[in-house]
Amino acid sequence: MKLARVQTDTGPAWAIVEGETVFRLEGSPFEHPTKGERIGDLASTKLLAPCQPTKVVCIGLNYRAHAAESGQEVPPEPLMFLKPPTSVVGPGEDVVWAPGSERIDYEAELAVVFKKRAKNVAPGAYKDYVLGYTCANDISARDFQRGDGQWARAKGSDTFCPLGPWIETELDAGNVRITGKLNGEVRQDSTTADLAFTIEQLITHLTKYFTMEPGDVLITGTPAGIGPMNPGDEYEITIEGIGSLKNRIRK
Ligand code: MG
């Protein structure tokens, strides 16, 4: 099932996408959602970010080839940082340049959306807490990341967390292809089988420290091929079995 949030005449609404058609979601997206009346065609419906997290927990250096291109190694335990809710934007929304930055990068990532409150999740139990998966772009002001000593504005500025296009609830995310294209040209092309720490390991680890709420998001790290964007550039992330997320950056 593809769970989405869409703009309607009466405001944002949860929806279910089937093929080219968008239906209203009845009930809670987190518990037994069912299909309601037809809203419209997918092509003419504005998709919003597919959830409204209270926080986005992010993992750094979780693909060996990306760690190598950054001149680092995969750390002995997952490296975590946070993006605030105000960093989240939806499909097609603009990423806005952080004032004073000289270099802003794209990073294609698999995102995990939580279904229910999660704390101290036991190994083996993580699937009970996963609503589904979507695409994320971990926008990164690389100069601020290097210079600031911590990553708050480098990774958490407004619009620095595009999410979407929807939450796929039936994906086996352990080995799916993840690609990123800058203005149509492939820059990142990998598979989630190359994650250094698996989704299970990440959820077990991060919930020792953070209570995840329904709709909260984990983004799992980016594969090799990162690079800068210029104002006007568009980055498109495609994850096999989910779909594509496109966003343009502007000053
Ligand atoms: Mg990242």
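A polar contact, as I use it here, is a pair of N or O atoms within 3.5 Å; within protein, one must be able to donate a hydrogen and the other to accept it, and residues adjacent in sequence count only if both atoms are side-chain atoms. By that rule, 6 residue pairs are in polar contact between domain 1 and domain 2, both residues at pLDDT 80 or more.

Before going on, some ground rules. This is a predicted model, where local features need pLDDT of at least 70 and side-chain atom pairs count only at pLDDT 80 or more, while totals for chains, interfaces and linings use all residues. Residues are numbered from 1 along each chain as its sequence is written, and side-chain values use heavy atoms, with hydrogens and water left out.

Now the domains. Domain 1 covers 1–48 and domain 2 covers 49–250; these bounds come from an automatic or database domain assignment. Their C-alpha centres are 24 Å apart. Counting contact as heavy atoms within 4.5 Å, 13 residues of domain 1 touch 19 residues of domain 2.

How much area do domain 1 and domain 2 bury between them? About 1,300 Å², with 57% of it on carbon and sulfur atoms. Buried area here is the accessible area, with a 1.4 Å probe, that two parts lose on being put together, summed over both. On the domain 1 side, Met1, Leu3 and Phe30 lose the most area to domain 2, together 42% of what that side buries.

The interface also has 1 salt bridge, meaning a side-chain nitrogen of Lys or Arg within 4 Å of a carboxyl oxygen of Asp or Glu. A salt bridge joins the side chains of Lys2 and Glu168, at 3.2 Å from N to O.

Which elements give two or more residues to the side of domain 1 that touches domain 2? They are β1 (2–8), β2 (11–18) and β5 (47–48), and β1 gives the most, with 4 residues. Helices (H or I, at least four residues) and strands (E, at least two) are DSSP runs, numbered from the N terminus. By class, that side has 10 nonpolar, no polar and 3 charged residues. Nonpolar means Ala, Val, Leu, Ile, Met, Phe, Trp, Tyr, Cys and Pro; charged means Asp, Glu, Lys and Arg; the others, Gly among them, are polar.

On to the sheets, where two strands pair if DSSP finds at least two bridges between them. An open sheet of 5 strands runs in the order β9-β20-β19-β15-β16, with mixed pairing. Its edges are β9 (95–96) and β16 (185–191); each has a single partner strand, so one side of each is left without a neighbour in the sheet. Strand β15, residues 177–182, runs antiparallel to β16 and is joined to it by 6 bridges. Ile178 has Ser190 in β16 as its bridge partner.

Another open sheet has 3 strands in the order β13-β10-β18, with antiparallel pairing. The hairpin between β3 and β4 passes through 2 residues, and Ser28 stands opposite Glu31 in β4.

Last, two backbone details. Most residues other than glycine have a negative phi, and most peptide bonds are trans. The bond from Gly164 to Pro165 is cis, with omega near 10 degrees, and Pro165 lies in strand β14, residues 161–168. Leu61 is not a glycine, yet has a positive phi of about 55 degrees; Leu61 lies in the loop between β6 (56–60) and α1 (64–69).
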